[in-house]
Amino acid sequence: MSYVALLITYYPDESAFKNIYNLYKQINNLIIVDNSDTLIIFPKNLTKIPILRNFIFDQDTLIPKNYIKSMLEFKKAFENSKILIYAPNFIDINSK
């Protein structure tokens with residue numbers, strides 16, 4: 001099954017490019033939407049991608065090694081449930 005990651009950038013810096021590369025190594029389809037200076041790119045076939053097969057990130061999301069694999073394993077474990085959205089724990093590294 002094919003999955004897609006949608007990554008939103010806004011004036012990406014060097015750390016954003018590292019995050020993009022880490023995600024690129026884990027997913028078979030990556031779409032980058034750059035919101036810098038109102039530039040937004042939507043591929044023509046984006047509407048044909050089933051919503052339940054997508055991952056959505058922003059440029060400062062740190063994506064651990066094997067993240068996609070772990071999320072897909074979690075999804076498979078609960079595939080007969082009524083869960084609609086699977087989301088990881090959120091940790092804000094800037095909060096105290």
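Is Tyr11 buried, partly exposed or exposed, and at what relative accessibility? Tyr11 counts as partly exposed, because its relative accessibility is 43%. Here buried means under 20% relative accessible area, exposed over 50%, and partly exposed in between (1.4 Å probe, protein chains only).

This is a predicted model: local features need pLDDT of at least 70, side-chain atom pairs count only at pLDDT 80 or more, and totals for chains, interfaces and linings use all residues. Residues are numbered from 1 along each chain as its sequence is written, and side-chain values use heavy atoms, with hydrogens and water left out.

**Aromatic pairs**

Rings of Phe, Tyr and Trp (its six-membered ring) pair if their centres lie within 6.5 Å; planes under 30 degrees apart count as stacked, over 60 as edge-to-face and the rest as tilted. By this rule there are two aromatic pairs. Tyr10 and Tyr11 have planes at 80 degrees, so they are edge-to-face. Phe74 and Phe78 form a tilted pair.

| Pair | Centre to centre | Angle between planes |
|---|---|---|
| Tyr10 and Tyr11 | 4.8 Å | 80 degrees |
| Phe74 and Phe78 | 4.8 Å | 40 degrees |

Tyr10 is exposed, at 52% relative accessibility. Phe74 is partly exposed at 39%, and Phe78 is partly exposed at 35%.

**Lining by class**

Ala, Val, Leu, Ile, Met, Phe, Trp, Tyr, Cys and Pro count as nonpolar, Asp, Glu, Lys and Arg as charged, and the others, Gly among them, as polar. The lining of the largest pocket has 22 nonpolar, five polar and six charged residues.
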